[in-house]
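Hello,

Here is the structure I promised to hand over. Please open it first, then read the notes below.

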Amino acid sequence: MYLAISKGRILEESLKLLERLNIKCEESPMDSRKLIFRTNDKNIKIIIVRASDVPTYVESGKVDMGIVGKDTLLEKNSNDLLRLKDLEIAKCRLVIAGKKGVSLVSNMKIATKYPTITQKYFQSQGLPCTILKLYGSIELAAVLGMTDAVVDLVETGNTLKENGLSELKIIENISSYLVVNKTSYRFNKEYIDKFISKIS
Ligand code: PRP
């Protein structure tokens, strides 16, 4: 079976979690350009993809399982996947942040990697807004006054602090989930259930 994990913070914590289950990659994905890694468990091969692509691979059925942040699941509306377990790793929060004292009002311009979640949240608050989609260093948009605020992930809070921004509102607490392709689960239920029971 293939297990998709995204690069970055989720990868590091996922590899630690797998090690606790005695699953180790034959070569470290942290220092290799390979995309597929065999492990000491002949049933599991790890593939490394971009966070936002994890649901696409697992939904396709070419990849059986994935470890993916709740932020990505909410943004992609991935309802075709089984969310089998909150792994409680890579914890962070999705927040609205901006310069101190900014209040949330109608018609704000918001920079984010998460247009769907942002649109939904502001709509639920009865505050129409305009969204500027960016792909990284989101905070910069608020620092330069390109937008009124940003919606982004906060873990330690250091990025906000070092750039003179404050958290204005928490939208969602985030952690990473084990997601499984529905057909794959039907065919590999015994193995996957055992895998999950070892995590808990
Ligand atoms: C993420 C996020 C914030 C930062 C928050 O960015 O988008 O910028 O981490 O972490 P902190 O609260 O611990 O400082 P990432 O490093 O993934 O890079 P990006 O800006 O390219 O999204």
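Predicted model: local features only at pLDDT ≥ 70, side-chain atom pairs only at ≥ 80, totals over all residues.

Which residues of α4 are buried? Helix α4 spans residues 115-124, and its buried residues are I117, T118, Y121 and F122. They sit on the same side of α4, because they cover an arc of only 120° around the axis. Turn to the face away from that buried side. There you find the exposed residues Q123 and S124. Just after α4 comes G126, with a positive phi of about 70°.

I96 belongs to strand β6. I96 counts as buried because its relative accessible area is 0%, and the cut-off for buried is under 20%. Leave out residues up to four places away in sequence, and I96 touches L104, Y121, F122, A149, V150, V151, S166, E167, L168, K169 and I171. Two of these, Y121 and F122, are among the buried residues of α4. I96 and A111 are 15 residues apart along the chain, and their C-alpha atoms are 9.7 Å apart.

S6 lies in strand β1, residues 2-6. Is S6 buried or exposed? S6 is buried, with a relative accessible area of 2%. Its contacts, leaving aside neighbours within four places in sequence, are L11, V49, R50, A51, V54 and I67. A51 turns up again at the largest pocket, as one of the residues nearest its centre.

**Salt bridges**

How many salt bridges does a search of the whole structure find? The search finds seven. Three of them are worth a look.

- E172 and K70 form a salt bridge, with the closest N and O atoms 2.9 Å apart. This pair links distant parts of the chain: E172 is in strand β10, K70 is in helix α3, and they are 102 residues apart. E172 is partly exposed, at 25% relative accessible area. K70 is buried, at 17%.
- R93 and E167 meet through their side chains in a salt bridge, 2.8 Å from N to O. R93 lies in strand β6 and E167 in strand β10, so the pair ties together parts that are 74 residues apart in sequence. R93 is partly exposed, with a relative accessible area of 23%. E167 also counts as partly exposed, at 33% relative accessibility. E167 is one of the residues that I96 touches.
- K34 and E27 form a salt bridge, with 3.1 Å between the closest N and O atoms. K34 is partly exposed, at 46% relative accessible area. E27 is partly exposed too, at 35% relative accessibility.

**The largest pocket**

The largest pocket holds about 910 Å³ of space. Its lining has 37 residues, and A51, D71, K113, Y114 and L153 lie nearest its centre. Elements that give two or more residues to this lining are α1 (9-20), α3, β9 and α6 (158-162). Which of them gives the largest share? Helix α3 does, with four residues. By type, the lining divides into 12 nonpolar, 13 polar and 12 charged residues.

**Two backbone points to check**

Most residues other than glycine have a negative phi. Two residues here go the other way.

- E88 is not a glycine, yet has a positive phi of about 55°. E88 sits in the loop between β5 (81-86) and β6.
- S137 is not a glycine either, and has a positive phi of about 45°. S137 sits in the loop between β8 and α5 (139-143). S137 is exposed, with a relative accessible area of 57%.

**Where to start**

Begin with α4 and its buried residues I117, T118, Y121 and F122. Move on to I96 in β6.

Best wishes

How values were computed. Residues numbered from 1 in each chain as written. Heavy atoms only, no water. Buried < 20%, exposed > 50% of the residue type's maximum accessible area, 1.4 Å probe, protein only. Arc of directions from axis to C-beta. Contact = heavy atoms within 4.5 Å. Salt bridge = Lys/Arg side-chain N within 4 Å of Asp/Glu carboxyl O. 1 Å grid on protein atoms, 1.4 Å probe; cavity = no way out; pocket = protein on both sides within 12 Å on 5 of 7 lines; lining within 4 Å. Points joined across faces, edges and corners; volume = space filled by probe spheres on them. Nonpolar A, V, L, I, M, F, W, Y, C, P; charged D, E, K, R; others polar.
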